[in-house]
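Visitor: Could you walk me through this model, starting with its aromatic side chains and ending with its overall shape?

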Amino acid sequence: MNKNILKVIPVFFIGLNLYALDINEAVEISLLNNNNLKKQQYIYDEAKENINISKSSYQPKLDLSYTYNANAEDINSSGKDNSNASAVLSYNLFNGLTDKYNLKSSEQLADTSMYNYQAAKYDLIYSVKQYYITYLKSLKNIETQNNAFKLLEQQYKDSENRFAQGLLARNDLLQVNAQMLQSKQDLARAKADSKIARYQLKNVLGGSLDSNEKINDLQKEKIMLENYNLEELDSRSEIKAVKMTIESLVSQKSANKGNYMPSADLSLTYTKYGDDAFLDVDDSNVDDQQTATINLKWNLFNGGKDSSQDIIYQKRLLQTKEALEDLKLSIKLQYEEAIEEFEVSQLNFETAKVSLEQSNENYKIVNNRFKEGLSSSTDLINANFLLSSAKQSFDNAYYDRFLAKASLDRIFEK
């Protein structure tokens with residue numbers, strides 16, 4: 001083989017896009033790159049850090065302080081500077097179990113955030129499938145509009161010939177031309193819509209979609225549903241998140257009751273005194289000070305704030321419980337709508353196949369009759385419109401099945 005040809009072959013294949021994205025790969029890419037999902041992950045990470053903040057209440061605290069006083073009387077030698085440094089180690093012995101329930105609430109809120117993250121992930125998977133299928137539908141629409149334009153373009157050429165031969169009236173020629181121009185506009189609109197659909201898909205993938213990257217079509221004549229268990233609907237991430245929110249509110253309510261109880265703190269203090277900024281002393285009688293203090297405190301009345309806070313937590317609990325029941329009803333409604341939509345899409349697909357076959361046959365018949373002078377331009381235009389509509393209905397029904405299946409998968413978090 002010619003060596004020059006061997007050098008060209010690798011360059012040639014590098015220039016080609018040999019890779020095509022499929023719907024499952026699109027989902028994987030989005031899970032890695034989608035900005036909204038990353039945001040939800042950061043929210044979850046923040047919630048986990050709040051647990052560490054709550055745990056810090058069980059740890060001792062160490063404070064250092066330093067004070068230096070420069071007395072103005074030093075100018076007349078009638079006074080001395082002084083300084084002191086202190087180290088205070090403190091520990092909360094008891095605060096009415098508030099720390100315990102605050103920690104429990106933080107853990108429950110972290111679980112809530114985790115479930116919200118999972119729900120966002122399944123929402124993202126459904127969105128990717130939705131935008132992916134919408135883009136495929138837009139490509140089919142371009143194909144349909146392009147075919148309709150070409151048929152009208154050919155009809156216009158034939159009509160021009162017949163008009164030149166005196167076999168077609170001028171108004172019929174103008175009618176065909178007007179329809180052809182309208183079809184050209186529809187084709188331009190279809191191309192623009194397809195570009196927007198691709199941008200939407202690119203955005204949901206976190207910007208990870210090259211302009212020349214191909215998209216694999218979905219090839220399934222029959223789509224079978226899984227055995228969905230309705231009891232699984234009560235295990236949806238959103239429902240778990242709301243249930244965990246309820247538990248967190250109960251913990252917060254218990255933590256608030258700690259305000260009705262006394263608190264006890266222990267502190268150990270070591271203080272060193274000095275006569276200058278460096279803590280040096282001239283008087284050997286000046287001793288360092290070491291103290292241990294236990295502080296007991298019990299608020300007997302704070303203007304009714306704690307009781308009002310109890311009522312607020314109780315009302316929040318009732319609100320959240322109502323929201324939970326409403327969410328359960330909403331999810332069950334989503335299932336009923338999705339299963340009906342799937343059955344309708346299956347039926348529409350079967351009827352659309354028959355309609356497309358008949359529309360194709362009808363166009364061939366009318367076109368042959370038009371060439372023989374037995375059908376008018378209007379008849380052929382109508383046959384073209386019927387064919388385009390049937391093709392659009394077929395494509396929509398074909399992909400609507402995938403959308404309905406994706407919706408059911410989202411509902412059951414598949």
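**Rings, sheet and chain**

Visitor: Which residues form one aromatic cluster?
Guide: Rings of Phe, Tyr and Trp (its six-membered ring) pair if their centres lie within 6.5 Å; planes under 30 degrees apart are stacked, over 60 edge-to-face, and the rest tilted. The residues that come together in one cluster are F349, F394, Y398, Y399 and F402.

Visitor: Thanks! Before we go on, what kind of model is this?
Guide: Residues are numbered from 1 along each chain as its sequence is written, and side-chain values use heavy atoms, with hydrogens and water left out. Local features need pLDDT of at least 70, side-chain atom pairs count only at pLDDT 80 or more, and totals for chains, interfaces and linings use all residues, as this is a predicted model.

Visitor: How many aromatic pairs are there, and what type is the pair of Y335 and F412?
Guide: The ring rule gives a count of 8 aromatic pairs. For Y335 and F412, the ring centres are 5.6 Å apart and the planes meet at 85°, so this pair is edge-to-face.

Visitor: How many residues apart in sequence are the parts that this pair ties together?
Guide: Helices (H or I, at least four residues) and strands (E, at least two) are DSSP runs numbered from the N terminus. Y335 belongs to helix 7, while F412 is in the segment after helix 8 (377-411), so the parts tied together are separated in sequence by 77 residues.

Visitor: Are Y335 and F412 buried or exposed?
Guide: With a 1.4 Å probe and protein chains only, buried means under 20% relative accessible area, exposed over 50%, and partly exposed in between. Y335 has 14%, and F412 has 7%. Under that cut-off, therefore, Y335 and F412 are both buried.

Visitor: Where is L233 found, and which residues does it touch?
Guide: L233 sits in the loop between strand 4 (214-215) and helix 6 (237-257), and it counts as buried because its relative accessibility is 4%. A contact means heavy atoms within 4.5 Å. Not counting residues up to four places away in sequence, L233 touches I239, I331, K332, Y335, I411 and F412.

Visitor: Which residues does T320 touch?
Guide: T320 has its place in helix 7 (residues 305-371). At 14% relative accessibility, T320 counts as buried. Leaving out residues up to four places away in sequence, T320 touches V242, T245, I246 and L249.

Visitor: Over the face of which ring does R162 lie?
Guide: A charge sits over a ring if NZ of Lys or CZ of Arg is within 6 Å of the ring centre and within 35 degrees of the ring normal. K121 lies in this way over the face of Y122, at 5.2 Å from the ring centre. For R162 the distance is 4.9 Å from the centre of the ring of F370.

Visitor: On to the sheet: which are its edge strands, and what is its average twist?
Guide: Two strands pair if DSSP finds at least two bridges between them, and here 4 strands make an open, antiparallel sheet in the order 2-3-5-6. Strand 2 (61-69) and strand 6 (289-297) are the edge strands, as each pairs on one side only. From one strand to the next, the twist averages 20°.

Visitor: How many bridges pair strand 3 with strand 5?
Guide: Strand 2 and strand 3 run antiparallel and are joined by 9 bridges, with S65 opposite S86 in strand 3. S86 in turn stands opposite T271 in strand 5. Strand 3 (residues 82-94) pairs with strand 5 in the antiparallel sense, and the number of bridges is 11.

Visitor: Finally, what radius of gyration does the chain have?
Guide: The chain has 8 helices and 6 strands, and its C-alpha atoms fill a box of roughly 130 × 60 × 50 Å along the principal axes. The radius of gyration is taken over C-alpha atoms, and the globule rule is 2.2 Å times the number of residues to the power 0.38. A compact globule of 414 residues would come out near 22 Å, but this chain has 38 Å.

Technical notes. Axes fitted to C-alpha atoms, helices over the stretch in contact; angles between N-to-C directions.
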